[in-house]
Amino acid sequence: MNHQLGHPCVVTALKEAIQSAEFQAIAFRDYMEICLYSEPYGYYRNERPKIGKQGDFYTSSSIGSVMGEMVASFICKQLNIESPHTEPVHVVEWGGGNGRMAFHILGEIKRNEPAVYARLTYTIIESSAYHRQQQRSMLEEHAQVIQFTSETEWLAQTPQDQVYVLANELLDAFPIHRIRYKDLLFQESYVKWQEEEQIFQEIWRPISSQRILDFLERSKVQWLDGQIGEINLEAESWVSRVAERIRSGSCMIIDYGDTAEELFAPHRFNGTFMCYRKHQAQDDPFIHQGEQDMTSHVNFTSCELASRQSGFTDCQLQTQREFLVEQGILQRLQDHYDPNPFSEVSKRNRSIRQLLLSDQMSELFKVFVASKHSRINEKKVSR
């Protein structure tokens, strides 16, 4: 057996899908979905740590509590503009990882806006049992405001006011269609199994999906011959579904990504798809199945289009740095000198600088906010 192949159960699931598929090949999107989400050993389903030193990558909530505090500050500012101070507030985090972001958001609201905390419900939509367990123990002190639910249950409820949906590094892990432009035609990546060499192999076929063709038709981007890119149709669908549940409030997406113009630019000739394992990045998806993270940059142009089509009236895309500065992060830098590098003040100042200055996170990471305003506020505006 090829030593580079991943978890045997995931490899078996892939082979079975390929054997039962037309042309004995599955779309790369389906391959990625099985690697990441098949039960119980897909990457996001298994019980291995993913985040932090022992895992495969860091997230912005790994770097101190500041990102969560700034998200809390954003929500409270919106509420002060929008709402009567008696109505319930619904914060909904989608895929909360180890629960740290929720912990930081709730801690900040409880400390600084106890009246908001008193009317708050924090819902976590988490499909991984392993992560739900981590979240429960991390959020014990907030147990009375936390509820867990499934995507299906949450989406089935009637639309509400003052709903704030948060997706922190969620959309980059949705399965993508991998596309290539070759000899004036677009093709889609498929995956087959080579029995004699014991490897998974990529092949390219003409695009059959109308949704992909429509996407390419409306994106005003010029591709080069041989260029590869990713199309995340799932992200658009997700935005549209979430919009139906928000009568007023915001959907906030924190992720690495960019506009379509940037993502399909000539210098992105091979796309943005990457795999992460034990803090090493590489771009080969055909090894370590179920044992490595797979991601691609979020296309915020397509998220904005889906948002506007779904009734969000305001959309704003900022770099993480711009968002943090706008929410008042600089006021949090404590300017007195502390000679002890391990003190809370020093650690906090370091984490703020890291979020603002590190090339990786502050510019690559974007914060996209799509909002609908409450009827009460619309009346105020129209007077």
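Here is a walk through the model, one selection at a time.

**Before you click**

This is a predicted model, in which local features need pLDDT of at least 70, side-chain atom pairs count only at pLDDT 80 or more, and totals for chains, interfaces and linings use all residues. Residues are numbered from 1 along each chain as its sequence is written, and side-chain values use heavy atoms, with hydrogens and water left out.

**The whole thing**

Start with a cartoon view: the protein has 16 helices and 16 strands. Those are DSSP runs numbered from the N terminus, with helices being H or I of at least four residues and strands E of at least two. Colour by burial next, and 54% of the 383 residues come up buried. Buried here means under 20% relative accessible area, exposed means over 50%, and partly exposed is in between (1.4 Å probe, protein chains only). The protein exposes about 18,000 Å², with carbon and sulfur atoms supplying 51% of that area; accessible areas come from the Shrake-Rupley method with a 1.4 Å probe, and for residues only the protein chains shown count as cover. As for contacts (heavy atoms within 4.5 Å), take those between residues at least 6 apart in sequence: 76% of them join residues at least 24 apart.

**Stop 1: salt bridges**

A search of the whole structure turns up 13 salt bridges, each being a side-chain nitrogen of Lys or Arg within 4 Å of a carboxyl oxygen of Asp or Glu. Select Arg-29 and Glu-234, whose side chains meet at 2.8 Å, N to O. This pair links distant parts of the chain, with Arg-29 in helix H2 (residues 28-37) and Glu-234 in helix H9 (residues 233-245), 205 residues apart. Arg-29 is buried at 12% relative accessible area, while Glu-234 is partly exposed at 24%.

Now jump to Asp-258 and Lys-366, another salt bridge, where the closest N and O atoms are 3.6 Å apart. Here Asp-258 in strand E10 (residues 249-258) is joined to Lys-366 in strand E16 (residues 365-372), 108 residues away. Lys-366 is buried, with a relative accessible area of 8%.

**Stop 2**

Pick Glu-39, whose side chain meets that of Arg-45 in a salt bridge (3.0 Å, N to O). Glu-39 is exposed at 59% relative accessibility, whereas Arg-45 is buried at 15%. Check the backbone too: a cis peptide bond joins Glu-39 and Pro-40, with omega about -10°. Pro-40 sits in the loop between H2 and helix H3 (66-82). For background, most peptide bonds are trans, and most residues other than glycine have a negative phi.

**Stop 3: positive phi**

Which values of phi do Gln-162 and Asp-183 have? Gln-162 is near 55°, and Asp-183 is about 50°. Gln-162 is in the loop between helix H7 (151-156) and strand E5 (163-168) and is buried at 5% relative accessible area. Asp-183 is in the loop between strand E6 (177-182) and strand E7 (185-194), and is exposed at 57%.

**Stop 4: strand E2**

Select Glu-93, in strand E2 (residues 89-94). Glu-93 is buried yet has no salt bridge, and the nearest side chain of opposite charge, Arg-100, is 11 Å away. For that search, Lys and Arg count as positive and Asp and Glu as negative; His and the chain ends are not counted. Among the residues that Glu-93 touches, not counting those up to four places away in sequence, are Met-101, Tyr-122, Ile-124 and Leu-166.

**Stop 5: aromatics**

The structure holds 16 aromatic pairs. Rings of Phe, Tyr and Trp (its six-membered ring) pair if their centres lie within 6.5 Å; planes under 30 degrees apart count as stacked, over 60 as edge-to-face, and the rest as tilted. Show Tyr-43 and Tyr-44: their ring centres are 5.0 Å apart and their planes are at 80°, so this pair is edge-to-face. Tyr-43 is buried, with a relative accessible area of 0%. Finish by selecting Phe-28, Tyr-31, Trp-193, Phe-200, Phe-273 and Phe-286, which form one aromatic cluster.
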